[in-house]
Amino acid sequence: MKTPLTAVITGSTSGIGLGIAEAFAEAGYRLVINGFAPPAEAQALVGRLQQEHGVEVLYHPADLGDPDQCVALVKDGERRFGPIDVLVNNAGVQHVAPTEQFPVDQWNNILAVNLSAAFHTIRTALPGMQSRGRGRIINVASAHGLVASIHKSAYVAAKHGIIGLTKVVALENAERGITCNAICPGFVLTPLVQTQIDARAEQSHLSNDEAAVEFLNEKQPTHRFTSIGDIAALALFLCSLAASNITGASLPIDGGWTAQ
Ligand code: NAD
């Protein structure tokens with residue numbers, strides 16, 4: 001029997017990362033999942049993914065703000081499953097404030113989790129991928145990796161940064177059977193965005209639905225949230241043979257946001 005492929009997906013206890021984990025499990029990948037969750041919840045998620053998809057799943061509690069834990073995530077995954085075939089850097093956090101009022105600890109955390117963590121997981125996973133002459137690295141960036149919005153200095157800096165990192169890793173590994181690409185979603189209705197909608201609803205005395213509509217209308221010409229399933233399908237496509245010559249790309253899935 002063919003050995004299943006292994007995917008490490010950061011920030012996969014919630015939102016987009018969880019959707020990507022579900023899609024890869026459905027496609028038969030063994031998974032290393034990660035993210036904040038109470039131990040019982042994390043174990044329940046492992047149990048559910050294993051049962052529903054018949055694949056092996058390891059939950060790793062690494063805090064990706066810490067470089068050593070980023071390294072441990074990949075190394076422990078390799079110890080459990082052997083070679084890592086796919087690395088998805090998805091974990092991300094947000095904080096919104098004008099630049100001159102931006103809390104320094106929030107800046108440091110956003111840069112650490114949204115940008116530096118990907119450097120640390122990539123540098124740990126690459127030697128194994130290079131020795132086997134194959135690998136897929138997918139960085140979940142954002143429309144904010146391509147354009148800016150006010151009050152998101154750290155997030156926009158980190159997401160522009162990860163697109164730069166994506167290009168360098170792609171170039172350095174172009175002849176080694178390894179691709180590295182960035183997915184750039186527009187607004188997706190996950191806890192990360194719901195927090196911002198809640199803040200707007202409160203500030204502007206709007207209902208949740210009205211605040212969500214306002215939020216979308218400002219940026220996304222289709223007036224629709226991007227679905228988690230569509231992002232997961234794009235991630236899976238990037239791991240297919242048909243995508244073997246797509247590398248160094250930043251692929252918007254943003255309802256036309258960055259076409260404006
Ligand atoms: P989410 O809040 O639902 O999930 C974030 C995940 O990251 C969770 O599993 C969380 O536990 C994990 N995480 C956060 N800090 C961590 C840390 N220090 N160590 C380990 N795990 C940590 O968010 P989401 O909306 O699903 O976002 C996922 C990615 O997609 C992020 O990189 C985000 O920037 C990006 N993104 C989101 C949107 C959107 O509209 N939701 C749009 C564009 C890009």
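These legends walk you through a few close-up views of a predicted model.

In this predicted model, local features need pLDDT of at least 70 and side-chain atom pairs count only at pLDDT 80 or more, while totals for chains, interfaces and linings use all residues. Residues are numbered from 1 along each chain as its sequence is written, and side-chain values use heavy atoms, with hydrogens and water left out.

**View 1. Two domains in one protein.** Domain 1 covers 6-186 + 227-253, and domain 2 covers 189-225; such bounds come from an automatic or database domain assignment. Between the C-alpha centres of domain 1 and domain 2 there are 25 Å. Their contact (heavy atoms within 4.5 Å) takes 14 residues from domain 1 and 7 residues from domain 2.

View 2. Domain 1 and domain 2 bury about 590 Å² between them, with 57% given by carbon and sulfur atoms. Buried area is the accessible area (1.4 Å probe) that two parts lose on being put together, summed over both. On the side of domain 1, Q94, S149 and G186 lose the most area to domain 2, together 34% of what that side buries.

**View 3. Polar contacts across the interface.** Domain 1 and domain 2 share 2 residue pairs in polar contact, both at pLDDT 80 or more. A polar contact is a pair of N or O atoms within 3.5 Å; within protein, one must be able to donate a hydrogen and the other to accept it, and residues adjacent in sequence count only if both atoms are side-chain atoms.

**View 4. Around the ligand.** A polar side-chain atom of Y155 sits 2.5 Å from a ligand oxygen atom. For T13, an N or O atom in the side chain is 2.8 Å from an oxygen atom of the ligand. A polar backbone atom of L64 is 2.9 Å from a nitrogen atom of the ligand.
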